[in-house]
Structures are given as C-alpha cells and as structure tokens.
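Colleague: I would like to learn how to read the helices, cores and ring pairs of a model. Can we go through one together?

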Amino acid sequence: MASLYTAHQPDEAGTIHYSDEEHGTWQILIARQLAALEGKACDEYQAGLARLDLPRDRIPQLAQINAVLQPATGWSVAAVPALISFDRFFALLANRQFPVATFIRRRDELDYLQEPDIFHEIFGHCAMLTNPAFAHFTHVYGQLGLRAGKEERVFLARLYWFTVEFGLLATADGLRIYGGGILSSIGETAYALGGQPVLQPFDPIEVLRTPYRIDIMQPTYFVLPELGELYRLAEQDIMAMVAEARRLGLRPPRFAPAGGKQAS
C-alpha cells in the first residue's frame with residue numbers, strides 16, 4: 001500500500017519544521033482527545049503523559065520525547081517515512097526505538113486515519129513507553145518479530161494489535177484504556193468503553209487466534225487484569241504460543257471480510 005502522506009525530514013540540527021496548519025491540527029487533536037480520555041485512560045498512561053508534558057500548541061520535536069523516554073525505560077523514538085517494512089519495524093523495536101512517522105493527518109481525516117501519524121505515535125504510544133512493564137514487553141516483541149518467519153509474524157501481529165494498539169485494563173475503578181490505537185482515536189475511545197464490543201479476559205492463545213480488521217471499530221477487545229501481566233508474558237515462551245495458535249487455527253471473525261479477502 002502506497003502512503004498518501006510524505007514524512008518531514010529533520011534539518012542538520014535534527015529539527016523538523018512543520019507549517020502553522022500542521023501545528024493547528026495538533027492543537028485540535030490533543031485538546032479534544034485529552035477531554036475525551038477523562039476517566040477512561042489507565043493510571044499508567046496518565047502518569048506517562050504527565051512526564052512527557054506534551055505541548056498543546058505545537059507538534060513536539062522528537063528530542064523532547066527522547067529526553068523523557070531514555071531515562072525512564074531506555075527507549076527513544078526514531079523518525080521514519082510514512083510506511084516502513086516489517087523488518088525495519090521489528091528491528092527498531094528490538095533496539096528500543098519506537099518508529100514515528102513525521103507527518104500529521106489532514107483536517108479532513110481528523111477522526112480516522114489508517115496510517116499511523118505523529119499524533120497517534122506520540123500521544124497514543126509514547127506515554128505508555130515510560131512504563132517498565134509495557135516497555136519490556138514491546139522490546140521483547142520486537143526481538144521475537146525480528147527472528148520470526150513470515151507466517152509467525154502474521155500471528156504475532158495479532159498480539160501487538162490487541163495489546164499495544166487496542167488493549168484494555170481492568171482496574172478497581174472499572175475498565176481503562178492502555179492501547180494507543182484507542183487512546184489516540186476519539187471515536188474508538190467512546191466505542192471501546194460504550195458496552196457494544198465483546199470484552200474477553202486476556203488469554204495469549206486466544207489473542208493469537210483472533211482475526212481483526214484495521215478499518216473498522218474493533219468488535220473484540222482483550223482485558224488485562226493488570227499491566228504487569230505484559231511483563232510476565234514477555235518472560236514466557238511466546239513463540240511456543242504462536243505454534244499452538246497455528247495448530248489450533250483462527251477463531252471465526254466477528255466481522256465481514258474487507259473486499260472479500262481473508263481476515264487477518
């Protein structure tokens with residue numbers, strides 16, 4: 001799939017220059033999403049967001065994000081083109097570098113964008129990367145993906161999808177969001193906790209067997225009992241789980257296939 005966007009390149013000093021309109025888009029996105037997440041984001045995300053102290057009036061420079069992530073968990077962010085290969089994606093994660101495509105969506109795509117832009121990557125994901133359990137899991141996931149075969153990567157993608165992107169957390173105060181795909185989406189934020197989707201207790205084999213589509217609201221979410229479960233999962237034999245999931249096969253999808261294609 002070809003990207004409809006072109007990422008900005010940093011100058012000699014490492015600074016990325018954005019237009020006033022692009023900064024204005026960031027202002028709109030962050031203001032409305034902060035309001036939408038009140039009482040819905042998990043405490044770990046809120047703590048990370050406070051540490052990042054993201055600007056409200058402009059797109060942050062990546063060096064500002066690194067200045068927080070590196071001392072917190074040893075992670076950093078890396079500027080990448082709008083789309084990168086799976087090899088590049090896994091290699092970055094394995095090196096504790098989170099890829100950030102340095103473009104921001106157009107105003108006519110404020111509510112939904114298939115390609116991850118800088119708002120999704122920084123606002124949705126970077127706060128969670130200040131958390132040691134989440135950061136460790138993401139690092140191990142990158143290492144596994146780098147060594148995995150093509151078919152194994154298809155199964156691993158579901159693990160990433162239902163945790164890093166669309167994970168929910170059970171807390172004493174009720175369900176809370178930790179997945180960046182929800183945290184950065186105003187529509188998915190309301191939908192995920194609105195009572196409509198199926199909520200399943202987190203089971204890694206079931207996660208690996210569950211199809212998803214990237215262009216619809218998720219019909220299924222998996223709920224972790226606590227974020228530390230991700231750390232414990234990273235210490236287990238995930239590739240053995242992948243082998244078991246492959247043996248058992250996929251669950252029937254809870255959605256129609258896109259364009260008649262096999263669900264992923």
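This is a predicted model: local features need pLDDT of at least 70, side-chain atom pairs count only at pLDDT 80 or more; totals for chains, interfaces and linings use all residues.

Colleague: Which residues of α2 are buried?

Modeller: First the general idea: an α-helix has 3.6 residues a turn, so residues three or four places apart point the same way. Helices (DSSP runs of H or I, at least four residues) and strands (runs of E, at least two) are numbered from the N terminus. Buried means under 20% relative accessible area, exposed over 50%, and partly exposed in between, with a 1.4 Å probe and protein chains only. In α2, the buried residues are Y45, G48, L49 and L52. They fall within an arc of 100° seen down the axis, so they line one face of the helix; the arc is taken from the directions from the helix axis to the C-beta atoms. D43 and A50, on the other side of α2, are exposed.

Colleague: What covers the buried residues of α2?

Modeller: The cover includes α1 (20–36), α3, α5 (118–126) and α8 (180–183).

Colleague: Which residues touch the most other members of the largest nonpolar core?

Modeller: A nonpolar core is a set of buried Ala, Val, Leu, Ile, Met, Phe, Trp, Tyr and Cys residues joined through side-chain atoms within 4.5 Å. The largest one here has 75 residues, and Y45, L54, I122, L159 and Y178 touch the most other members. Helix α7 (residues 150–165) gives the most to this core, with seven residues. Contact means heavy atoms within 4.5 Å. Leaving out residues up to four places away in sequence, L54 touches W26, I30, L49, P60, I65, I122 and F123. There is also a second, separate core of eight residues, including A78, V80, A82 and F103.

Colleague: How many aromatic pairs does the structure hold?

Modeller: Rings of Phe, Tyr and Trp (its six-membered ring) pair if their centres lie within 6.5 Å; planes under 30 degrees apart count as stacked, over 60 as edge-to-face and the rest as tilted. The structure holds 15 such pairs. In one of them, F89 and Y160 are edge-to-face, at 5.5 Å centre to centre with 85° between the planes. F89 lies in helix α4 and Y160 in helix α7, so this pair ties together parts that are 71 residues apart in sequence. Y160 is buried, at 9% relative accessible area. The rings of Y141 and Y160 have centres 5.1 Å apart and planes at 35°, so that pair is tilted. Y141 is also buried, at 4%. Ring pairs link F89, F90, F137, Y141 and Y160 into a cluster.

Colleague: Where are D53 and R96 placed?

Modeller: D53 is in the loop between α2 (43–52) and α3 (62–73). Its phi is near 50°, a positive value in a residue other than glycine, and D53 is exposed, with a relative accessible area of 59%. R96 is in the loop between α4 (86–94) and β2 (97–101). The phi of R96 is also positive, near 55°, and R96 is partly exposed, at 35%.

Conventions:
Residues are numbered from 1 along each chain as its sequence is written. Side-chain values use heavy atoms; hydrogens and water are left out.
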